[in-house]
Amino acid sequence: MLTGTATYVDDIKMPNMLYAAMVRSPHAAANIRSVDISKAAAHPGVMAVYTGVDIKDVGAIVCGVELPGMRKPHHTVIATDRVYLVGHIVAVVVAKDRYVAADAADLVEVDYDVLDAVGGPEQALAEGAPAVHPQWADNIAFKFEQKGGDTDAAFASADVICKQRMISQRMVANPMETRGCVASWHAADRALTIYTSTQIPHLARTILAGMLGLDENRLRLIAPEVGGGFGCKLNVYPEEAIVSFAAMKLGVPVKWIETRRENFLSTIQGRGHVDYWEIAAKRDGTIVGVKVKIIQDLGAYFQLLTPAIPTLSVLMMPGLYNARNIHAEIVGVFTNCVPTDAVRGAGRPEATYGIERMVDVLAAELKMDPAEIRFKNFVAADQFPFATATGLNYDSGDYANTFTKALDTIGYKKLREEQATARKQGRLVGIGISTYGEICAMGPSPAVAAGGWESATVKVEPSGKVTILTGISPHGQGEETTFAQIAGDELGVPIDDVLVLHGDTSIVQYGIGTFGSRGTAVGGTAVYLALQDIKEKVIRWGSMLLDSNDVRFEGGMCIDNASGKSVSIQTIAAAAYRAMKIPTHSEPGLVATRFWEPGNFTYPFGAHIIHSEIDPKTGQVEIKRYVMVDDIGNILNPMIVDGQLHGGASWGLGQALWEHAIYDDAGQLVTGEFMDYAMARARMMPWIESSHTCTPSPVNPLGVKGVGEAGTIGSTPAMVNSVVDALAPLGVTHVDMPLTPEKLWRIISASQPEAN
Amino acid sequence: MIPNTFEYTAPLTLKVALALIGEGGKPLAGGMSLIPMMKLRMAAPEHLVDIGRIAELNYIREAGGELHIGANATHYDVESSPLIVGKCPLLAETAGHIGDIQVRNRGTLGGSVAHADPSADYPAALQALEAKIVLTSATSQRTVAVGDFFIDTFTTSLEPGELVTEVIVPVEAGLTGTSYQKFLQPASGFAIVGVAARIRREAGKITVARIGVTGVSGNSYRALKAEAALVGKAGSDAEIDAAAALVGEGVEAGADLHASAEYRLHLAANYAERAIRVALSRTA
Amino acid sequence: MTQTISVTINGKPYTHDVEPRLLLIHYLREVVGLTGSHIGCETSLCGACTVEVDGRAIKSCTMFAVQANGASILTVEGLADASGKMHRVQEGFWNEHGLQCGFCTPGMLMVSKQILDRNPSPTETEIREGLDGNLCRCTGYQHIVKAVQAAAKAGV
């Protein structure tokens, strides 16, 4: 990666390889009158053009989620008679190179009968709204309800009830590498090889084999280096099936690489919530109940996990608090937009944002310090494992301790004094707190569509070098390093002797993949367990070689406790493969495979505090300090962990301040390029002061919890709470994201006309 | 994304280039605006005349109390040229605000000026500097005042066959202070509002004030009323505020996704205030 | 249709016939086979394709290969010296964990080199401003900033 030799999917070149270009609908809703491919097909260098009719035998896109009474659209990989989102594929052109393919795609003539579209979830529910799918006039895909305790009684007993509507706007994952794939067909073996930029190689293989009607064991799926996923590559998309279809038809390899524009129009997006929160409390700040009604913008059809994401929000809605009575309702709504699905945080940011905002709203109503009200309601350290009102079982934690550390780090008391002084000068200074929790290490299989276990094979080769095959599929999370560290520690071998392989279904045993902050906690545990099996074998072989019944394994050596004589793991490995003599009840070789099923999720948590100031003249927010204290259980590699947290924070701050996938009423994405869709750049990010507390997770033997999404989840509410706190003297209790300068300037100038 | 096909010529002399441009060829300078538009297929010129190899358009020199800058000077050249930094710091400072390092390394003064993007940075400075633009065709050459050059969004007084070949800016005498202040569009880095101020203060009184504004409307402009309000004043806070408040007066502000017209006008006043304040602080 | 270009890339001469519309990034990646430089967008805003042309960092997705005729080009593949010793910016990114998925990294390295070539001891703000043309979605930039700081130190 540092020398330019890493292989990403667009770096793959094969003999006779052709290039595909998708022809996409420019309309959000239209009936297709006709598709004329004649000019495109006649264009020099074009090998084939396929429409929905040609590809009708390829199966529809798979959604792995079932909810009671759910309406599931049948999304074919190429549209035939109707399009329902901008970017919907209507044809594919396959040509000798990407330049010719692009030229020919422009020559496909589609006659559309353009229909009215729905550009957002509340528009979808409005009286007389156009139907995204004609068979479902109300645009409602499902309704889902979850209750815990008795909210009616709790709300009746409350001294104060606060209500707030809030929006978690749509955001685009935008990994720096867009999607892309190369498919290659070997007709003689009826075998297909697909290189695709994915987080879930094995699941993708199973799904694609089904869509294409191939034997799963003859489909080899390889995730090469993947340039970021963030959930959007936790999916199987139409293009992967289309490219495979074309490769099988034409008998030569076919490549397709998504453009950035296509990425905005055809790769799943995140969030898309309109939420109505209510929180009920006693006068002393004790929270007695929480309600939320979620309107989830699902988009036009379902990708792999689309309907499941808001249900994750519901699970997380009590946050870190002793809220025993909860009531959540979800209305899942179709819109003529890109489907929403799992994007970094996936459901938990929405919930954490909601509960952390509501706690601040409540504190303001009760004129309590937002830190004090949190301490009052935290689940206490002696309550773990803690059964939540939403049916979860929090594994471990000491929320007050972590929060205290964050408050001490930023100097909370002094900062509040400084804020009081600044306010007297008319300055808009804010201190925003987020004490977040999240669900990580996805997860027990009953709770995860497609399974939540993970696999690992550890092979100690005859030379003593160690090869690890992991079922997860790292793409920037650094598990190649972390797993090598684990193996190095367990086997006493140098880290450089350990090779971690992943992402090739023909090399690695079946696995689930990388998402839901599960890589180390679930995948790493499988590695750890396989290493324990290896150690057992090593001791058996060592005992034989040392001719002793009392040996220990330490620092890569088997040592006879009586004589002190020792033999190295390298020598043992050689003996195990040479097998001149084999220990009783043993067999040759030094290989172990383990599949690990976790008994629970893990529940990392933390406290993020942001000190900000708003320029009243422009509405621009300046982050003066950002302190985060995260408890993710045991930490195996601090630098990797901090990198995950910093990156996560750039997303959370992005959601709070900049990012917004804006659709107009016609269903057009108006922030559909980097020139309009703002994301964190280096100059926009503050220096982050990161530290940790540690309550090891009892869920896995490594004691780890997961860190990939924590920064995203914790940062957004801290930022918004900071800005709302800055505006509190103006009577502001809530502002919807993103907190653009103009939005804040309007609020400020409306309340302080003299200042402008 | 992939541009349409086109014919490409890279002449080494201005004479050949102008002949080709006269025949309808589209000049390609740094390409920082044109190439992305071609890739998105929003532009599809049939014949590109790459002027990047014409050495005679690549110079920065002082003559007659003015700096003459060839059209091929990159933003980085402008930003880092000791001559410009020393003798026309406003232009150098403004160049440093354009895009990013890579864009400044490749984009040219002539290309940017000819493109006339309403959110570009240079026009604010050029307005404040009362720059002159030299337009050359195969048969003629004329020098146009910047106020007459920029006509509207992506529209200039360039006639078919003409090329921007030089930009002329004044050498600043002592006692003049300048500043460019910009409010960024966070995604693209373009100016939502950019204000360039150029102020001369003699014996405690402002004698010359020039304020150029970009981003606010479809065209850059000089804020004449604000300038007039400053002349003769000492430059107190109240005087600066009063003048800055006039920057958007009578201007039909544009509105887009990133800023409403009202906000743009408000920012224009606010950034004018900053620019004037900084410029004044540099008059000493 | 095609035109002949000659360039020097990482010290080696190349001559090819290319279509005028061929973008420099596609020339480097597909014709020459140097796939270290990446494509992250169409609009010259992500910087993943950054290479040096005649000593200046530029975005090779916003330049036609024909425009580079005669030029000397340095790509990420040419950053290390002939003996394979990594350039100090590469060392910095390695030591400070300045990369995660690695996709933006080649562009980050190339622009970091340019930052330090022009300003051997930049401030944090100057580094952040210098990185303005390059997007990273993984790191939040902090470790990249530290990597450039480390590289700066190594150059002193």
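This is a predicted model: local features need pLDDT of at least 70, side-chain atom pairs count only at pLDDT 80 or more; totals for chains, interfaces and linings use all residues.
1. Residues are numbered from 1 along each chain as its sequence is written, chains are lettered from A and ligands numbered from 1 in the order in which they are written, and side-chain values use heavy atoms, leaving out hydrogens and water.

2. Zooming out in chain C, five strands make an open sheet in the order β2-β1-β5-β3-β4, with mixed pairing. At the edges stand β2 (12-18) and β4 (56-59) of chain C, each with a single partner strand, so one side of each has no neighbour in the sheet. From one strand to the next the twist averages 40°.

3. Helices lie across this sheet. In chain C, α1 (residues 24-32) lies across β1 (3-9), β2, β3, β4 and β5, running at about 105° to β2(C). Helix α3 (residues 105-118) of chain C lies across β3, β4 and β5, at about 45° to β3(C). Axes are lines fitted to C-alpha atoms (for helices, over the stretch in contact, meaning heavy atoms within 4.5 Å), and angles run from 0 to 180 degrees between N-to-C directions.

4. Now the rings: the whole structure has 24 aromatic pairs over all chains. Rings of Phe, Tyr and Trp (its six-membered ring) pair if their centres lie within 6.5 Å; planes under 30 degrees apart count as stacked, over 60 as edge-to-face and the rest as tilted. Y8(A) and F103(C) form an edge-to-face pair, 5.1 Å centre to centre with 85° between the planes. Y8(A) sits in the segment before β1 (18-24) of chain A and F103(C) in the loop between α2 (88-95) and α3 of chain C, so this pair joins two chains. Y8(A) and F103(C) are both buried (under 20% relative accessible area, 1.4 Å probe, protein chains only; exposed is over 50%, partly exposed in between).

Terms used:
Two strands pair if DSSP finds at least two bridges between them. Helices (H or I, at least four residues) and strands (E, at least two) are DSSP runs, numbered from the N terminus.
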